[in-house]
Every structure is written in structure tokens, then in C-alpha cells.
Amino acid sequence: MERKTKIHAEEGKQELFITREFDLPVELLFRAYIDPEIVEQWMGTRVLKLENKKHGSWQFETSDAQGNVVFQSGGAFHDIVPNQKIIRTFEMDNTPFAAQLEFLEFEKLMNGTSKLTMHIIFKSVADRDQLLQLPFAQGINMAHNRLEEVVMHLK
Amino acid sequence: MELRRDVFQAIADPTRRAIITLVAFQAMTPSAIAENFTSSRQTISKHIQILAECEILQQEQNGREIYYQLNPKKLKAIADFIEPFRNLWDDRFNKLEAVMKKYQSEQ
């Protein structure tokens with residue numbers, strides 16, 4: 001099984017696909033998205049709100065080692081079908097990026113494995129391309145934060 | 001002008017990457033950028049100069065102030081930006097898998 005995350009972003013389109021196979025039953029994969037405590041663990045964020053239902057909303061907050069909020073995001077659930085799909089919007093607060101629409105599909109595979117497909121639709125091609133560029137910068141931020149944490153523990 | 005800086009070398013420096021991070025969200029003056037670092041204004045200004053020479057940063061005159069902003073075209077041209085994006089998600093998903101495996105074994 002190839003357990004590598006794949007990104008499919010065609011030139012000139014305002015959408016992208018993220019796919020990944022997990023060595024987890026689909027029920028557990030889905031649970032990782034709806035259980036606030038678990039979301040906090042793997043997303044490294046604080047879950048302020050996670051209303052897993054049609055027309056519900058969600059809100060996450062990420063802080064640095066000093067407790068300053070560095071990143072807030074939120075959106076609304078359009079639809080949730082347990083172990084099958086989540087349709088939601090995603091928006092980063094205080095950034096120039098427009099809201100995006102996300103279709104998450106959870107698939108059961110053989111022998112207790114599963115697959116996730118995220119189909120993300122952006123306001124424009126430029127918006128998508130800009131977001132693709134962002135992790136370059138964000139990754140550095142996270143590395144800095146991690147470094148800070150390590151240093152804090154050393155003190 | 002024979003000054004052709006190596007862009008990859010430019011972005012390999014952590015301070016310069018941090019500068020790129022800062023201006024990714026908004027255009028900033030050199031002094032506003034420097035405030036984010038403990039290094040001297042001179043050092044930061046040198047880093048900005050290198051990034052500008054590589055055209056990763058572009059200048060914009062606004063009244064008396066010079067603002068620096070990111071030149072996304074250049075950034076796109078110098079690196080495959082899908083890879084860091086992919087790595088970001090790969091890390092997240094690896095974590096998800098590890099968290100759920102632990103959860104599974106505790107049940």
C-alpha cells in the first residue's frame with residue numbers, strides 16, 4: 001500500500017485534490033475529523049467549536065509557545081454523512097484569502113484500510129496558487145514554533 | 001549588472017525565509033520587517049537587499065516609505081511549491097494516523 005499523500009492541481013484550474021490512504025478503518029479515519037480532542041492532537045490546534053452537523057459551524061485557533069494566537073480558521077458544515085463524507089467551507093481569519101469549499105470523501109478499502117479524498121474549490125486560480133505557495137512560508141513558522149517549544153522545555 | 005544572485009541560496013537562509021513569511025501576508029517597510037528580528041537593522045537590510053536582487057521581493061513606493069512585498073511569480077518560478085504543500089499535508093496525515101493507531105490500541 002502506498003501511504004503517501006498526493007496532490008493533484010491542474011494548471012489553470014481553481015481546484016485541487018489531496019488524496020491519502022490510511023492504515024486505519026474508515027470509522028477511525030472519520031472519527032479523527034469529528035472528535036474535537038483528536039482533531040486537536042493531529043492538527044496541533046485548539047478546537048473552539050466543532051458542530052458536526054448540517055448547517056453547523058467550526059472554529060479552530062492555533063497559538064504559539066507564548067500563548068499568542070497566531071492563526072484562526074473557521075467555516076460551516078454543509079453536509080456530514082458518517083464514515084462517508086464531509087462538505088464544509090474553510091476560511092482563514094485576518095488573511096486576504098477567500099473562503100474555500102471542501103468536499104471530503106472517506107472510503108473503506110481492503111483489510112481495515114481507508115482512503116481520504118479532499119476536493120478543494122477556490123474563489124479563483126490565483127487564490128489557489130497563492131495558497132499552494134503558503135506552506136513554504138507556514139512550514140517555516142511551524143518549525144520556528146517547534147523550536148521555541150523545545151527551547152522552552154530546556155529552560 | 002553582473003550581480004546575479006542564486007535564488008535557491010537566497011531562500012536557503014532561515015532569516016531570509018522568515019522575511020518571506022512576514023511579507024507573504026502584507027507589504028512591509030524595512031523597519032517594520034527589522035522589528036521582528038533580534039539581529040541589527042543593518043543585517044536585516046542586507047537580507048532584504050539580497051531578496052530584492054533576486055526579485056523575490058519587489059519594492060513599492062508609498063509616499064516617503066518604501067514597502068516590500070512578495071513577488072509570487074518569482075517564487076513560483078524558483079521552486080515547486082506543491083512539494084512543501086504536500087509535505088505539510090503528509091505530516092498532518094502521518095500524525096492523524098499515529099494518533100488514531102494509539103486511540104485504536106487503547107480501545
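Read along the sequence, chain A runs β-β-α-α-β-β-β-β-β-β-α, which amounts to three helices and eight strands, where helices (H or I, at least four residues) and strands (E, at least two) are DSSP runs numbered from the N terminus. This is a predicted model, in which local features need pLDDT of at least 70 and side-chain atom pairs count only at pLDDT 80 or more, whereas totals for chains, interfaces and linings use all residues. Residues are numbered from 1 along each chain as its sequence is written, and chains are lettered from A in the order in which they are written.

**Confidence**
- The model scores ipTM 0.80 and pTM 0.64.
- Chain B averages a pLDDT (the predictor's confidence in each residue, from 0 to 100) of 82, and 83% of its residues score at least 70.

- In helix H1 of chain A (residues 26-34), the buried residues are A:Val26, A:Leu28, A:Leu29, A:Phe30 and A:Ala32.
- These buried residues pack against S2, H2, S7 and S8 of chain A together with helix H6 (82-106) of chain B.

**Contact between the chains**
- The contact, counted where C-beta atoms placed from the backbone lie within 7 Å, takes 27 residues from chain A and 26 residues from chain B.
- H3(A) gives the most to the side of chain A that touches chain B, with eleven residues.

Definitions and conventions: Buried ≥ 20, exposed ≤ 12 C-beta atoms within 10 Å, placed from the backbone. Contact = placed C-beta atoms within 7 Å.
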